[in-house]
Amino acid sequence: MPVEFLNHLKAVIRERKNASPESSYTAKLFSRGTHKIAQKVGEEAVELVIEALSDNDELFKNEAADLLFHYLLLLENRGIDLDEIIAVLEERHSGKK
Ligand SMILES: N=c1c2ncn([C@@H]3O[C@H](COP(=O)(O)OP(=O)(O)OP(=O)(O)O)[C@@H](O)[C@H]3O)c2ncn1[C@@H]1O[C@H](COP(=O)(O)O)[C@@H](O)[C@H]1O
């Protein structure tokens, strides 16, 4: 189920690429381009690092979700599927067998 949801979210993000910027947060970020999307990934990564140093699991999970969401956006903006990143990990893993 979690993997299916991730695939569903990827599809929604892809749809938003062609949606009007006024219609959604995701569409607006796509309209602002690579610089803004990359900046958001950096911001969300820093926010996650800050929460990693706290003991609040709820805040940590929320920041982790924000980072994952914006990471998916960055991949979609680049035209690279998450499966291609997983393939890199699989290749690294198989090389260590
Ligand atoms: N999973 C998410 C998701 N996670 C985080 N966010 C947004 O990411 C932003 C992160 O918070 P920030 O305070 O860093 O950003 P902000 O202040 O809103 O934006 P800035 O102008 O400051 O950059 C918030 O606006 C969140 O709403 C998300 N926005 C949308 N989704 C999903 O994306 C899909 C498309 O949603 P829409 O974009 O609403 O169509 C749906 O399935 C949504 O559930």
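The dialogue below walks through a predicted model of a protein chain with a ligand.

Visitor: What should I know about the model and its numbering before I start?

Guide: Residues are numbered from 1 along each chain as its sequence is written. The model is predicted, and local features need pLDDT of at least 70, side-chain atom pairs count only at pLDDT 80 or more, while totals for chains, interfaces and linings use all residues.

Visitor: How many helices and strands are there in the protein chain?

Guide: Helices (H or I, at least four residues) and strands (E, at least two) are DSSP runs, numbered from the N terminus. Here the protein chain has five helices and zero strands, and along the sequence it reads α-α-α-α-α.

Visitor: Which residues surround the ligand?

Guide: A residue is near a molecule if its C-beta atom, placed from the backbone, lies within 6 Å of it. In this structure the ligand is surrounded by L9, V12, R16, S24, Y25, T26, K40, E43, D66 and F69. At least two residues of this shell come from each of α1 (2–16), α2 (25–32), α3 (34–52) and α4 (57–78), and α1 gives the most, with three residues.

Visitor: Is E43 of that shell buried, exposed or in between, and why?

Guide: A residue is buried if 20 or more other C-beta atoms lie within 10 Å of its own, exposed if 12 or fewer, and partly exposed in between, with C-beta atoms placed from the backbone. E43, which sits in helix α3, is partly exposed because 13 other C-beta atoms lie within 10 Å. For the protein chain, buried residues make up 10% of the 97 residues.
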